[in-house]
Amino acid sequence: MNLSTAAFRWMLATVALAILPHTFLLPWETLVLPLAVLALRGVTYAWQPRPWPLLIRAGLVLLMLIGVFVSMGSLIGRGPGSAMLIGMMALKATEAATQRDARVGTTVAMFLLVAAFLGNQSALLLVYGAAMSVVMFAAIEIYSRPPDAPAESGLSLPRLVRLAGSLLLLAVPFALLFLVLFPRWSTPLWGMPEQRSARTGMSDTMEPGSISELFLDDTPVMRVRFADGEIPPPTER
């Protein structure tokens with residue numbers, strides 16, 4: 001089904017709301033081009049809903065990759081990955097033309113919203129994420145309506161909020177179940193290198209008898225010979 005202007009605006013809003021937390025986590029240089037593309041697509045969609053030409057989209061992909069690499073020095077890691085996901089979301093908006101495209105765009109926006117928690121776990125972001133989840137579920141409910149449905153048969157805002165809230169509440173038991181049954185790994189499964197540095201202290205894991213295997217090494221670290229003058233007193237060595 002073709003994408004109506006109202007549904008497209010909902011998709012654009014969910015993408016913009018998902019990007020908002022990243023403006024505090026990523027360099028602004030990586031966000032200028034995606035936000036400009038989203039703004040231009042939002043302004044021109046009403047009179048030009050067709051996808052942008054493939055050559056233009058391919059050029060934008062190259063420019064965004066170059067921008068991320070120049071700004072962050074890499075294309076691998078938590079920050080560059082989030083920046084590239086934002087770029088892909090902007091490019092998805094340039095080709096969105098059906099209800100399915102809008103549904104995919106909002107679903108990926110949910111992943112983008114979750115990615116913000118990799119850089120910040122504040123209570124404010126948690127409240128924001130919960131509120132934006134309701135908005136995104138409401139958008140998906142709107143996409144399920146036929147584009148040519150009469151306005152009087154539409155969903156009112158209170159009903160949309162109730163439907164989205166009920167879907168969010170239905171997901172809570174599953175989230176709690178996964179929290180209990182699935183382990184929380186100390187490192188991500190994909191194992192991307194991220195800000196590794198040497199650390200001192202005890203290891204995260206220990207085995208019986210491992211401490212008893214430690215011993216004091218009395219091997220001399222260095223020998224100093226004072227060839228000229230008298231040997232300095234101990235307080236000056």
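A salt bridge is a side-chain nitrogen of Lys or Arg within 4 Å of a carboxyl oxygen of Asp or Glu. Keep that one in mind for a later stop. Before we start, some ground rules: this is a predicted model, where local features need pLDDT of at least 70, side-chain atom pairs count only at pLDDT 80 or more, and totals for chains, interfaces and linings use all residues. Residues are numbered from 1 along each chain as its sequence is written, and side-chain values use heavy atoms, with hydrogens and water left out.

**Stop 1: the whole chain**

Show the protein chain as a cartoon and colour it by secondary structure. You'll find seven helices and zero strands, so called because helices (H or I, at least four residues) and strands (E, at least two) are DSSP runs, numbered from the N terminus. Walking along the sequence, the pattern reads α-α-α-α-α-α-α.

How much of the protein chain is buried? Buried residues make up 27% of its 237 residues. Here buried means under 20% relative accessible area, exposed means over 50%, and partly exposed is in between (1.4 Å probe, protein chains only).

Now for contacts, meaning heavy atoms within 4.5 Å. Of the contacts in the protein chain with a separation of 6 or more, 74% are between residues 24 or more positions apart.

**Stop 2: the largest nonpolar core**

Select Leu3, Phe8, Met11, Leu38 and Leu112 and show their side chains. Within the largest nonpolar core, which has 33 residues, these five touch the most other members. A nonpolar core is a set of buried Ala, Val, Leu, Ile, Met, Phe, Trp, Tyr and Cys residues joined through side-chain atoms within 4.5 Å. As a general point, nonpolar side chains in soluble globular proteins tend to be buried together.

Zoom in on Leu38. Setting aside neighbours within four places in sequence, Leu38 is in contact with Leu12, Val15, Ile19, Met89, Ala90 and Ala93.

**Stop 3: two helices side by side**

Hide the rest and keep α1 and α4. Two packed helices are described by the angle between their axes and the distance between the axes. For α1 and α4, the angle is about 170° and the axes are 11 Å apart. That makes α1 roughly antiparallel to α4. Axes are lines fitted to C-alpha atoms, for helices over the stretch in contact, and angles run from 0 to 180 degrees between N-to-C directions. Angles under 35 degrees count as roughly parallel, over 145 as roughly antiparallel, 65 to 115 as roughly perpendicular and the rest as oblique.

Which residues meet here? On the α1 side, pick Phe8, Met11, Leu12, Val15 and Ile19; they meet Ile86, Met89 and Ala93 in α4.

**Stop 4: the salt bridges**

The structure holds three salt bridges. Start with Arg57 and Glu95, whose side chains meet in one of them (2.7 Å, N to O). This pair links distant parts of the chain, with Arg57 in helix α3 and Glu95 in helix α4, 38 residues apart. Buried or partly exposed, which is Arg57? Arg57 counts as buried, at 18% relative accessibility, while Glu95 counts as partly exposed at 28%. Not counting residues up to four places away in sequence, Arg57 touches Trp52, Leu91, Thr94 and Glu95.

Lys92 and Glu95 are three residues apart in helix α4, so about one helical turn separates them. Asp101 and Lys92 are both buried. Through shared partners, salt bridges join Arg57, Lys92, Glu95 and Asp101 into one network.

**Stop 5: Ser71**

Last, select Ser71 in helix α3. Ser71 counts as partly exposed, at 28% relative accessibility. Leaving out residues up to four places away in sequence, Ser71 touches Pro27, Glu29 and Thr30. Try the distance tool on Ser71 and Trp28: they are 43 residues apart in sequence and 9.0 Å apart in space, C-alpha to C-alpha.
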